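Hi,

Here is the structure we talked about. Have a look first, then read my notes below.

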Amino acid sequence: MEPMRLIHPIYLDVPMLVSFAAALQGGLSFGSEVTHEKAASQLDTSKVSGKLGLSDLFGSLFKASVAAEMSSDNKSDTSEVRRESKAHTEASIAIVLYDQLRRSTGYLVQPKSVEDFEALEPGSLVEVAGTVEKNAVNAVIDYLDAVNIFVSLQSQAAPKQQKQQQQPLEKIREALDKDRRRTPISNVLLRCSQPPATTVVVTLRTQNLRDLTMSELHKNSVRVVGKVTRIIHEGQTMSAFENYGMALLPPTTLETVFQQISSSKDVVAEFSGVQVEGPAVQLLPLMVFV
């Protein structure tokens, strides 16, 4: 039998994770306790009692308190009580759930082609793999940060000139970032290797992102398990950042603006398209892992 795959989750939707794990296992135990007791006595008057306090759910460190009371009329009596307690973490539940999904049939679909995707219905649980790209708005914000750093380091320019050069960029950057922070979700693009030549829009909940998660994801190869929320058929399109206010502008206008922003010869910028063209799929991820 294939051993359990030890995945490393870098994004987890914990409520969805716990619900799925509990449904598959008929309930989910977050901790367990095993008690080993050994006693020897010449009399029947010995007494042992214990109390255990479990840690908070998903605690990375387990804290337990045990109180034992023993009494006997014979000094030669011996008694030993040993308790071992174990608790799950978010990552360990993800590992167990993913293993169960892979070993069971009918839960997890691994599409082999675009046609396999188009045969699915919204709500299907799928696994895909590929390289992550930030959407164009997030990439432009990173680009503007880089340009601002570059301008500030130019030794030829006087401080006043530097400030004049940076002000317009800072205003653009501030406006884009304000729009980005307005919504609780953010799309990234997955250029798939499995299935090949497929684009998947992965809709991340920003509350599940750690500070460095976007940097870790960008241009890295990952696997994604998630629910299909939309099928974009050939001839159809969707905005790569549809939850941002910028998505309300005409695509041609956005493309012109982004081209003008990246016109600097001093900094190389690569922006993904403002539109995702079908065939493609949108996923609400349960987990992103390597």
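Buried here means under 20% relative accessible area. Phenylalanine 258 has 5% relative accessibility, so it counts as buried. Please keep in mind that this is a predicted model.

**Aromatic cluster**

The structure holds three aromatic pairs. In one of them, the ring centres of phenylalanine 241 and tyrosine 244 are 6.3 Å apart. Their planes meet at 20°, so this pair is stacked. Both phenylalanine 241 and tyrosine 244 are buried. Phenylalanine 241 also pairs with phenylalanine 258: the centres are 6.4 Å apart and the planes are at 65°, so that pair is edge-to-face. Phenylalanine 241 sits in the loop between strand 10 (237-239) and helix 7 (251-261), and phenylalanine 258 sits in helix 7. The pair therefore ties together parts that are 17 residues apart in sequence. Ring pairs join Phe241, Tyr244 and Phe258 into a cluster.

**Helix 1**

Helix 1 covers residues 14-25. Its 12 residues should span 16 Å at 1.5 Å a residue, and the end C-alpha atoms are 16 Å apart, which agrees.

Which residues of helix 1 are buried? They are Val14, Met16, Leu17, Val18 and Ala21. Their cover includes strand 1 (9-12), helix 2 (90-103) and strand 12 (280-289).

Leucine 17 has a relative accessible area of 0%. Its contacts include Glu90, Ile93, Leu97 and Leu286. Leucine 17 and leucine 286 are 269 residues apart in sequence, yet 6.5 Å apart in space, C-alpha to C-alpha.

Best wishes

Technical notes
Residues are numbered from 1 along each chain as its sequence is written. This is a predicted model: local features need pLDDT of at least 70, side-chain atom pairs count only at pLDDT 80 or more; totals for chains, interfaces and linings use all residues. Side-chain values use heavy atoms; hydrogens and water are left out. Helices (H or I, at least four residues) and strands (E, at least two) are DSSP runs, numbered from the N terminus. The expected span of a helix is 1.5 Å times one less than its number of residues. Buried means under 20% relative accessible area, exposed over 50%, partly exposed in between (1.4 Å probe, protein chains only). Contact means heavy atoms within 4.5 Å. Rings of Phe, Tyr and Trp (its six-membered ring) pair if their centres lie within 6.5 Å; planes under 30 degrees apart count as stacked, over 60 as edge-to-face and the rest as tilted. Lists of a residue's contacts leave out its neighbours within four places in sequence.
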